[in-house]
Amino acid sequence: MATRELSRTDSLPLPVSLQEAVSHGEVFTRRWVVETVLDLVGYTAECDLAEMRIVEPACGAGAFLSPIVERLSASCRTHGRSLLEAVDAVEAFDLLERNVQLSRDLLVNQLVADGWDLAEVGKVVHSWVNQGDYLLQEQITQTADFIVGNPPYIRLEDVPDERMAAYRAACLSMGGRADVYVGFYEVGLRSLKPGGQLGFICADRWMRNQYGQKLRQLVTQSYSMELVLSMHDVDAFHEQVSAYPAITIIRNGPQGPAIAADTTQHFGASEAAEFIAWTRVADQIRVDRPTYHAARLPHWFPTGDSWPAASPGRLAMLEDLSDRFALLEDKTTGTRVGIGIATGADKIFITHDRDLVEEDRLLPLAMVRDTTSGTLKRGDAYLVNPWDTQGNLVDLAQYPRLGAYLRRHSAVLRKRYVAVNQPERWYKTIDKVDHSLTGRPKLLFPDMKLTIHPVLDPGGVYPHHNLYYIVSNTWDLRVLGGLLLSKVAEAFVEAYAVKMRGGTLRFQAQYLRKIRVPDPSEMSFEVCTALIEAFERRDVQAATEAALCAYGLSELPD
C-alpha cells in the first residue's frame with residue numbers, strides 16, 4: 001500500500017483562522033462541471049486508469065473524487081484488474097480532517113455499492129485520501145498523469161504570516177498579492193509527467209492581473225496551454241460566487257494548438273457534452289452556438305505579459321495578426337510610443353499667463369481638452385519650462401523672472417519626492433523636456449476614453465502627461481491615424497487594457513504597444529487614401545473597412 005511522505009506542514013500547526021478560511025473558501029463544484037473537466041483531460045473509463053495516477057489537491061467533501069473513482073472502478077472492471085491494483089492510482093489532499101473523513105466515507109460507500117470487497121475498499125481509500133497541505137509537500141516529483149480539481153478560494157489576508165511565508169518559499173509564482181490558488185497551479189504543473197495534464201475550474205484573474213505574471217511565465221516557458229473555457233456567468237457551483245471561473249487545461253509539453261471558448265449563463269451539462277465533442281474534431285476551427293463560442297488558435301499567447309481577454313473569435317484574430325504583423329513600436333520604422341510630461345506640481349508648472357516668466361521659458365502644452373473634437377485645438381496652456389535644449393536645468397540667475405516665480409513656490413516644490421532626493425535640483429519637473437518632440441508631427445491619445453481617439457498634432461505643442469503620443473520616421477501619420485481610429489486597432493487595446501467603470505478604456509503606452517500594424521511600404525495607394533480620408537472625417541466605420549483591407553481580414557469578429 002502506498003504511504004504518504006510527511007509534508008513540511010506536519011511540523012506547522014493548522015491555525016484556527018486558516019481552518020475557518022478554508023471552510024469559507026470551499027466552493028463545491030457541480031457534478032456536470034467535474035465530468036467536463038475529467039473528459040477534457042482524457043480521464044475516461046476506456047483507459048487503463050489503474051496504470052495512471054490522478055491527483056486532487058484539495059478534495060473537500062469529494063466533488064471530484066466521486067466521479068474519479070466511479071471512472072476508475074469502471075476501468076478496473078473493463079481491464080480485468082482488482083481494486084488493489086489501483087492503490088496508487090489516486091492521491092487526494094485536504095487541510096481539514098473532517099473533509100478527509102467525509103471523502104473517505106463517500107468513496108467507501110460508493111465502491112461497496114459497486115460490488116467491491118469492503119476490506120479492499122478500506123485499504124485503497126485510506127491510501128488515496130489523506131490530510132495534508134498540497135502546497136507544502138516535502139518533495140515534488142513528476143509522477144502525476146492528471147491533476148484536477150477546484151483549488152480553494154482563500155484570500156491572502158486570511159492566511160497566517162508563518163504559513164504564507166512557507167507558501168511563498170515553496171511556490172515562487174506566489175508573488176505580490178497572489179491568491180493561494182496560484183500556488184496550486186504551480187505545484188500541480190511541477191508534478192505532471194511529460195504529457196500529463198492539469199485541469200482546474202478556478203478563477204481566471206491570474207491570466208491578466210499583475211500577481212499572475214510569474215505563473216504566466218512558467219506556463220509559456222515550460223507548458224502548453226491547451227484550453228480555456230470561460231464560465232463567468234455559468235451556474236458552475238452549488239453556491240453563488242463572484243469568482244470569474246474558467247476551466248483551464250494545461251499540458252506538460254511544448255505548446256501546440258489551443259482552444260479558447262466562452263459561455264453564456266445557459267451553458268449546462270448537455271451543452272458541455274456538445275462542446276467536448278467539438279474539441280475532438282480537429283479540423284473545425286470555430287463554432288458558434290447560442291450558449292457557447294469557441295475557436296482553435298494555432299498556439300497560445302507566447303509571453304508572460306497579461307494575456308488578452310476577448311471573445312474566442314477576437315482572440316483568434318489577434319493571434320493571427322500577431323503572427324503576421326509587426327508591433328506598432330518598431331525601430332525599423334522609427335515608430336515610438338511615449339507619454340507626455342509629468343511635473344509633480346501642475347498648479348505651479350502649468351500656467352495660462354503668457355507674461356508670467358521669460359518668453360523662451362514657456363512651452364505650449366497640449367491638454368486632453370484640446371483633443372476632444374478629434375482635431376487639435378490650440379489652447380492657452382503653457383509649461384513653465386526649467387530645461388534647456390541639452391536636457392540640463394537652466395541657471396535661474398540667467399532667468400530672473402523664472403527664478404523669482406519658482407522661489408515663491410519653493411516650499412511646495414522642495415517637498416516633492418523628486419526634490420527631496422535631489423535637493424540641489426529642487427525646481428526640476430519629474431520628466432525632462434525633449435525639445436525635439438515639440439516640433440515633430442505626432443498622434444495624441446487621451447489616457448481615458450470610451451473608444452480609441454487618435455488626434456494629429458502637425459507640430460508645435462508638447463503633450464501633457466494625460467496624453468500619450470506616437471511619432472514615426474516612416475509613417476504618414478494620417479494613414480497611421482486612420483488605421484488606429486479603426487475598430488481593428490481598438491480590439492487590441494480592448495483585449496489588454498484595464499476597463500474602467502462605464503466601459504472607459506485606458507489608452508496607455510503599454511496597451512498601444514500591443515497593436516500590430518502592416519508594413520507601411522507594402523500598403524496600397526488606395527488603402528492609404530481611404531485611411532487618410534476616414535481619419536480626416538473621423539469616420540470610424542470607413543477607417544475600419546480600410547483597416548480590414550490593410551490587414552487582409554474579411555470581417556471583424558464580435
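Here, a residue is called buried when its relative accessible area is under 20%. Keep that cut-off in mind as you click through this predicted model.

**Stop 1: two ring pairs**

Start by selecting F275 and Y292, both of which are buried. Before looking at their rings, visit another pair. A pair of aromatic rings is described by the distance of the centres and the angle of the planes. The model holds 15 aromatic pairs. One of them joins F93 and Y134 in an edge-to-face arrangement, with the centres 5.3 Å apart and 65° between the planes.

**Stop 2**

Next, select Y181, Y185, F200, W206, W300, F301 and W307 together and show their side chains. These residues form one aromatic cluster.

Then pick R205 and Y244. R205 lies over the face of the Y244 ring, at 4.3 Å from the ring centre. For another view of this kind, select R296 with W278: here the arginine lies over the face of the tryptophan, 4.5 Å from the ring centre.

**Stop 2: helix α3**

Which helix holds S73? Select residues 65-78, which make up helix α3, and you will find S73 there. S73 is buried, because its relative accessibility is 2% and the cut-off for that word is under 20%. Show its neighbours: leaving aside residues up to four places away in sequence, S73 touches L111, D114 and W116.

**Stop 3: a patch on the surface**

Switch to a surface view and select M448, V498 and M500. What do these residues form? They make up a nonpolar patch on the surface, and together they have about 250 Å² of accessible area. M448 sits in strand β17 (residues 448-449). With 46% relative accessibility, M448 counts as partly exposed.

**Stop 4: around helix α20**

For the last stop, select R538 in the loop between α19 (525-537) and α20. Its phi angle is near 60°, a positive value in a residue other than glycine. R538 is partly exposed, with a relative accessible area of 21%.

Move on to helix α20 itself (residues 540-551) and click on T544. T544 is buried, at 11% relative accessible area. Which residues does T544 touch, if those up to four places away in sequence are not counted? Show S486, K487 and V488 to see these contacts of T544.

Technical notes
Residues numbered from 1 in each chain as written. Predicted model: local features only at pLDDT ≥ 70, side-chain atom pairs only at ≥ 80, totals over all residues. Heavy atoms only, no water. Phe/Tyr/Trp six-rings, centres within 6.5 Å; stacked < 30°, edge-to-face > 60°. Buried < 20%, exposed > 50% of the residue type's maximum accessible area, 1.4 Å probe, protein only. Lys NZ or Arg CZ within 6 Å of the ring centre and 35° of its normal. Patch = residues over 30% accessible without salt bridge, like charges linked within 9 Å, V, L, I, M, F, W, Y side chains within 5 Å. Areas by Shrake-Rupley, 256 points an atom, 1.4 Å probe, with all protein chains shown as cover. Salt bridge = Lys/Arg side-chain N within 4 Å of Asp/Glu carboxyl O. Helix = DSSP H or I, 4+ residues; strand = E, 2+ residues; numbered from the N terminus. Contact = heavy atoms within 4.5 Å.
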